[in-house]
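Open the model in your viewer and keep the sequence panel beside it. This tour says what to select at each stop and what is there.

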Amino acid sequence: MKKICRLPLAIVSCLLILSLIPGCGRKLDVNEAIAKVNKNNIQRLANLYFTYQMKHDWQGPADEAGFKNFLRSYNPQKLTRIGIDPNAIDELFVNERDGEPFKIRYSVVGSAMGSSEPVIFESVGIDGNRMVGFLDMTQREVDEAEYENLWSGKFQPPQTNRDDIRQR
């Protein structure tokens, strides 16, 4: 069966939401929207991890070599569009904040319905806190204890309290 999706579901969803938000009479600039969700390497890697999953039955890459091979064979125009030099894939795996290579959780299983699993991790971070990139297009700075829980795979998505929703 041929896959017809060209952009990851999360990016398409983001673009749809952005198009529904009323602005100051301004049209949605797709390139601007794509750039906003790919501002740094942690975002780019998390989004590309999701893309890998989407093209591999929702299974994450098994290792760094497999992930890099996928990226090297990916459409160069699409990589350029999200701010990646197709000839410098190795640079994508280095964090701009601390200059260190990212730690990546490989073989994470995703879902066509969306996933919020943490997959991209700063190695060192700044002032005892480290950024973590999630498959739902978010990044969060966390302390050491939370970092270790996320890295070990003990991540639990936040539970929504029904009483909180009713009060809103």
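A polar contact is a pair of N or O atoms within 3.5 Å; within protein, one atom must be able to donate a hydrogen and the other to accept it, and residues adjacent in sequence count only if both atoms are side-chain atoms. The model is predicted: local features need pLDDT of at least 70, side-chain atom pairs count only at pLDDT 80 or more, and totals for chains, interfaces and linings use all residues. Residues are numbered from 1 along each chain as its sequence is written, and side-chain values use heavy atoms, with hydrogens and water left out.

**Stop 1: Ser115**

Select Ser115, in the loop between β1 (103-104) and β2 (118-121). Helices (H or I, at least four residues) and strands (E, at least two) are DSSP runs, numbered from the N terminus. What does the side chain of Ser115 reach at 3.4 Å? It reaches the backbone nitrogen of Glu117. Ser115 has a relative accessible area of 18% and is therefore buried; buried means under 20% relative accessible area, exposed over 50%, and partly exposed in between (1.4 Å probe, protein chains only). Now show its contacts, meaning heavy atoms within 4.5 Å. Apart from neighbours within four places in sequence, Ser115 is in contact with Val109, Gly110, Leu135 and Asp136.

**Stop 2**

Gly114 is partly exposed, with a relative accessible area of 40%.

At 36% relative accessibility, Ser107 counts as partly exposed.

**Stop 3: Asp127**

Move on to the loop between β2 and β3 (130-134) and select Asp127. Is Asp127 buried or exposed? Asp127 is exposed, with a relative accessible area of 75%. Phi of Asp127 is near 55°, a positive value in a residue other than glycine.

**Stop 4: both ends of α7**

Select helix α7, residues 144-151. At its start, a side-chain oxygen of Asp143 reaches to within 3.3 Å of the backbone nitrogen of Ala145. Just after α7 comes Gly153, with a positive phi of about 85°.

**Stop 5: Asn38**

Asn38 is buried, with a relative accessible area of 3%. Which atoms does its side chain meet? A polar atom of the Asn38 side chain lies 2.9 Å from the backbone oxygen of Ile34. The side chain of Asn38 also makes a polar contact with the side chain of Asn47, at 3.0 Å. Leaving aside neighbours within four places in sequence, the residues in contact with Asn38 are Gln43, Arg44, Asn47 and Ile82.

**Stop 6: α3 against α4**

Colour helix α3 (residues 41-55) and helix α4 (residues 64-73). At what angle do their axes cross? The axes come within 11 Å and cross at roughly 85°. Here the axes are lines fitted to C-alpha atoms, for helices over the stretch in contact, and angles run from 0 to 180 degrees between N-to-C directions. The two helices α3 and α4 are therefore roughly perpendicular to each other, a term for angles of 65 to 115 degrees; under 35 counts as roughly parallel, over 145 as roughly antiparallel, and the rest as oblique.

Show side chains where the helices meet. From α3 come Leu45, Leu48, Tyr49, Thr51, Tyr52 and Lys55, and from α4 come Gly66, Phe67, Phe70 and Leu71. The residues of this contact of α3 with α4 divide into seven nonpolar, two polar and one charged. Ala, Val, Leu, Ile, Met, Phe, Trp, Tyr, Cys and Pro count as nonpolar, Asp, Glu, Lys and Arg as charged, and the others, Gly among them, as polar.

**Stop 7: Glu91**

Select Glu91 in helix α6 (residues 89-92). At 59% relative accessibility, Glu91 counts as exposed. The C-alpha atoms of Glu91 and Asn41 are separated by 8.7 Å, and the two residues are 50 apart along the chain.

**Last stop: the whole protein**

Zoom out. The protein has eight helices and four strands, and from the N terminus on its elements run α-α-α-α-α-α-β-β-β-β-α-α. Of its 168 residues, 36% count as buried.
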